[in-house]
Amino acid sequence: ITAANAEALSLGLEAGLPLEAMVRSLCDGSGESVVLSSYMGRYLDEGEYGVGLIGHDLMVKDISLACQAGDTTRSPMLFAELARQLYAAAGRSQGALAMFPSIFDHFRQAAGDSSPAKK
């Protein structure tokens with residue numbers, strides 16, 4: 001959910017939409033999630049994602065365990081595997097210990113924007 005939000009919000013920023021309006025609109029509609037309102041809401045209000053959140057490497061480890069469980073039970077884990085790859089890439093670009101919501105910064109950097117997203 002966090003990676004999908006990061007991708008969508010980055011696309012919106014590239015299209016010229018204000019970050020705050022996008023987050024508030026998603027939170028008021030079917031896109032609402034605890035992840036979006038907690039981490040992105042705090043980022044909008046305070047300029048940080050939060051404190052004490054796990055980093056990209058731990059996210060990769062946890063998702064890898066879920067993928068292994070899928071292999072064991074022969075359950076498809078398509079989105080989990082994609083998320084694992086995304087967090088591995090974010091860990092390389094943002095740092096292994098960077099809090100997992102900073103995957104948003106990874107998408108912003110990939111879009112060629114190294115400035116803070118809050119505008």
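1. A helix in this note is a DSSP run of at least four residues, numbered from the N terminus. The model is predicted. Within helix H2 (residues 19–27), Glu20 and Arg24 lie 4 residues apart, about one turn of the helix. Their side chains meet in a salt bridge, at 3.9 Å from N to O. Glu20 has 45% relative accessibility and so counts as partly exposed; Arg24, at 33%, also counts as partly exposed.

2. Arg24 forms a salt bridge with Asp45 as well, the closest N and O atoms being 3.1 Å apart. Because Arg24 belongs to helix H2 and Asp45 to helix H3 (residues 34–46), this pair ties together parts that are 21 residues apart in sequence. Asp45 counts as exposed, with 56% relative accessibility.

3. A further salt bridge joins Arg108 to Glu14, with 2.9 Å between the closest N and O atoms. The pair links distant parts of the chain, 94 residues apart: Arg108 is in helix H6 (residues 103–110) and Glu14 in helix H1. Arg108 has 2% relative accessibility; buried means under 20%, so this residue counts as buried. Glu14, at 46%, counts as partly exposed. Glu14 and Arg108 are linked with Asp113 in a network of salt bridges. The structure holds 8 salt bridges.

4. The largest pocket holds about 250 Å³ of space. It is lined by 14 residues, of which Ile1, Ala3, Ala4, Ala83 and Leu86 are the closest to its centre. Helices H1 (2–14), H4 (56–73) and H5 (78–94) each give two or more residues to the lining, and H5 provides the largest share, 5 residues. By class, the lining has 12 nonpolar, 1 polar and 1 charged residues.

Terms used
Residues numbered from 1 in each chain as written. Predicted model: local features only at pLDDT ≥ 70, side-chain atom pairs only at ≥ 80, totals over all residues. Heavy atoms only, no water. 1 Å grid on protein atoms, 1.4 Å probe; cavity = no way out; pocket = protein on both sides within 12 Å on 5 of 7 lines; lining within 4 Å. Points joined across faces, edges and corners; volume = space filled by probe spheres on them. Nonpolar A, V, L, I, M, F, W, Y, C, P; charged D, E, K, R; others polar. Salt bridge = Lys/Arg side-chain N within 4 Å of Asp/Glu carboxyl O. Buried < 20%, exposed > 50% of the residue type's maximum accessible area, 1.4 Å probe, protein only.
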